[in-house]
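Open the model in a viewer and keep the sequence panel beside it. The stops below say what to select next and what is there.

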Amino acid sequence: MAKKKTSWGKSKIKVPGHSQLVRSTWEAFFWIIYPDYLYEDHRIEYDLNGKSHNYIVDFVDHDRKDLVEIKPAYMLSNSLVQHKIKVGETWAAKNGYTFRVITEHDILLFKKALKRMKLSSRLKKGLDQLRA
């Protein structure tokens, strides 16, 4: 899996089957499992301390009306993250979407379940490339 450094020091990861780069291996894993979701395609405007901001949701599937935010569990106590989650939940409720926050704990449980099942060749190839 090729990583590219951005000007602000964050890693970018190339996900097999997609031209766009993601910011974390957790996002990469999610996108391999759900390749039809769009990455950073949905923006929600919100106000914070009198200033207008845009919250960019990690993944969206407009057909399923599903918004997904991938966050490390330790960040869930951060006040800005909590505010953005509330913004996402509110927007989703008003627009008939679901809003889910997925942490590394959810992904690890999912990976364990997948190991018990036979992995599709596409998924296995993608996971192998993530480990490389």
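Is Tyr39 buried or exposed? Tyr39 has a relative accessible area of 4%, so it is buried (buried means under 20% relative accessible area, exposed over 50%, partly exposed in between, with a 1.4 Å probe and protein chains only).

Before going on, note that this is a predicted model, in which local features need pLDDT of at least 70 and side-chain atom pairs count only at pLDDT 80 or more, while totals for chains, interfaces and linings use all residues. Residues are numbered from 1 along each chain as its sequence is written, and side-chain values use heavy atoms, with hydrogens and water left out.

**Whole chain**

Colour by secondary structure. The chain holds 4 helices and 7 strands, in the order β-β-β-α-β-β-β-α-β-α-α from the N terminus (DSSP runs numbered from the N terminus: helices are H or I of at least four residues, strands E of at least two). Of the 132 residues, 36% are buried. Among contacts with a separation of 6 or more, 47% join residues 24 or more positions apart (contact means heavy atoms within 4.5 Å). The accessible surface is about 8,400 Å², and 52% of that belongs to carbon and sulfur atoms (areas come from the Shrake-Rupley method with a 1.4 Å probe; for residues, only the protein chains shown count as cover).

Select residues 25–33, which form helix 1.

Next, show the side chains of Val22, Phe30, Phe59, Val68 and Ile70. Within the largest nonpolar core, which has 16 residues, these five touch the most other members (a nonpolar core is a set of buried Ala, Val, Leu, Ile, Met, Phe, Trp, Tyr and Cys residues joined through side-chain atoms within 4.5 Å). Helix 1 and strand 6 (66–70) each supply at least two residues of this core, and helix 1 gives the most, with 6. Apart from this core lies another, of 12 residues, including Ile44, Tyr55, Val81 and Ala92. In soluble globular proteins, nonpolar side chains tend to be buried together.

Centre on Phe30. Leaving aside residues up to four places away in sequence, Phe30 touches Tyr37, Phe59, Val68, Ile70, Arg100 and Ile102.

**Aromatic rings**

How many aromatic pairs are there? The count comes to 8 (rings of Phe, Tyr and Trp, the last by its six-membered ring, pair if their centres lie within 6.5 Å; planes under 30 degrees apart count as stacked, over 60 as edge-to-face and the rest as tilted). Select Phe30 and Phe59: their ring centres are 4.7 Å apart and their planes at 45°, so the pair is tilted. Phe30 lies in helix 1 and Phe59 in strand 5 (residues 51–61), so this pair ties together parts 29 residues apart in sequence.

Tyr39 is in strand 4 (residues 38–48), 20 residues from Phe59. Ring pairs link Phe30, Trp31, Tyr34, Tyr37, Tyr39 and Phe59 into a cluster.

**His62**

Finish in the loop between strand 5 and strand 6, where His62 sits. His62 has 33% relative accessibility, so it counts as partly exposed. Show Tyr97 as well: the two side chains make a polar contact of 2.8 Å (a pair of N or O atoms within 3.5 Å; within protein, one must be able to donate a hydrogen and the other to accept it, and residues adjacent in sequence count only if both atoms are side-chain atoms). His62 and Tyr97 are 35 residues apart in sequence, with 8.4 Å from C-alpha to C-alpha.
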